[in-house]
Amino acid sequence: MTLTGAQLWQALNISVGNMPALSGGFMQISGFSFVYSLSAPVGSRVTSVTLAGGLPILSDATTYTVGLSDFSAGGGDGYALFAAITATRTRLIEADVLAAYMTSLAMLTPSTFARITQVP
């Protein structure tokens with residue numbers, strides 16, 4: 001799906017909106033990181049979003065391609081903003097295709113690099 005920086009920021013604010021309560025809608029991310037503050041008002045908790053290389057993702061009209069589960073893309077877990085922009089979907093990733101791709105890799109070396117940081 002293609003999102004603007006503003007839509008990505010909105011989605012991340014939805015993700016941390018129920019914190020500190022546990023939520024199945026808390027996003028797991030890769031390729032970028034974000035910082036949020038629990039002391040900020042709900043809807044404005046995200047304070048920065050940065051690509052893995054350090055380039056900031058601004059809350060603007062710049063577009064980014066993201067991968068989402070079909071459930072989230074359809075508006076599940078409170079992400080109605082995704083359902084409203086489904087026309088920008090590029091394709092669905094089938095679980096068996098993803099599994100085959102991961103199996104074909106010689107080695108996976110995941111890293112967390114502080115993707116999600118909570119500040120006071």
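This is a predicted model: local features need pLDDT of at least 70, side-chain atom pairs count only at pLDDT 80 or more; totals for chains, interfaces and linings use all residues.
1. A quick word on terms before anything else: a polar contact here is a pair of N or O atoms within 3.5 Å, where, within protein, one atom must be able to donate a hydrogen and the other to accept it, and residues adjacent in sequence count only if both atoms are side-chain atoms. Residues are numbered from 1 along each chain as its sequence is written, and side-chain values use heavy atoms, with hydrogens and water left out.

2. Staying with Asn13: this residue sits in helix α1; helices (H or I, at least four residues) and strands (E, at least two) are DSSP runs, numbered from the N terminus. Asn13 counts as buried at 9% relative accessibility, where buried means under 20% relative accessible area, exposed over 50% and partly exposed in between, with a 1.4 Å probe and protein chains only. Leaving aside residues up to four places away in sequence, Asn13 touches Gly43, Ser44, Arg45 and Val46; contact means heavy atoms within 4.5 Å.

3. On to the sheet. Three strands make an open sheet of 3 strands in the order β3-β2-β5, with mixed pairing; two strands pair if DSSP finds at least two bridges between them. The edges are held by β3 (46-51) and β5 (116-119), each with a single partner strand, so one side of each has no neighbour in the sheet. On average, and ignoring direction, neighbouring strands of this sheet are turned by 15° against each other; axes are lines fitted to C-alpha atoms, for helices over the stretch in contact, and angles run from 0 to 180 degrees between N-to-C directions.

4. Strand β2 (residues 32-37) pairs with β3 in the antiparallel sense over 5 bridges. Tyr36 has Val46 of β3 as its bridge partner, and Ser33 stands opposite Thr50 in β3. With β5, in contrast, β2 runs parallel, joined by 4 bridges; there Val35 has Thr117 as its bridge partner.

5. Strand β2 is mostly covered, with 5 of its 6 residues buried. Ser37 belongs to this strand and is buried, with a relative accessible area of 6%. Not counting residues up to four places away in sequence, Ser37 touches Arg45, Thr47, Val119 and Pro120.

6. What covers the buried residues of α1? The cover includes β1 (2-4), β2, β3, β4 (63-65) and α3 (80-83). The buried residues of α1 are Gly5, Leu8, Trp9, Ala11, Leu12, Asn13 and Ser15.

7. The largest nonpolar core has 22 residues, and Leu12, Phe32, Phe34, Val49 and Phe82 have the most contacts inside it. For the record, a nonpolar core is a set of buried Ala, Val, Leu, Ile, Met, Phe, Trp, Tyr and Cys residues joined through side-chain atoms within 4.5 Å. Two or more residues each come from α1, β2, β3 and α3, and α1 gives the largest share, 4 residues. As for Phe82, its contacts beyond four places in sequence are Met1, Leu3, Ala11, Met27, Leu68, Ser72 and Ala73.

8. Now the rings: the structure holds 2 aromatic pairs. Rings of Phe, Tyr and Trp (its six-membered ring) pair if their centres lie within 6.5 Å; planes under 30 degrees apart count as stacked, over 60 as edge-to-face and the rest as tilted. Phe34 and Tyr36 form a tilted pair, 6.0 Å centre to centre with 35° between the planes, and both residues are buried. The rings of Tyr79 and Phe82 have centres 5.3 Å apart and planes at 20°, so this pair is stacked. Tyr79 and Phe82 are buried too.

9. Last, have a look at Ser23, in the loop between α1 and β2. Ser23 is partly exposed, with a relative accessible area of 30%. Its side chain reaches the backbone nitrogen of Gly25 at 3.0 Å. Ser23 and Asp77 are 54 residues apart in sequence, yet 8.5 Å apart in space, C-alpha to C-alpha.
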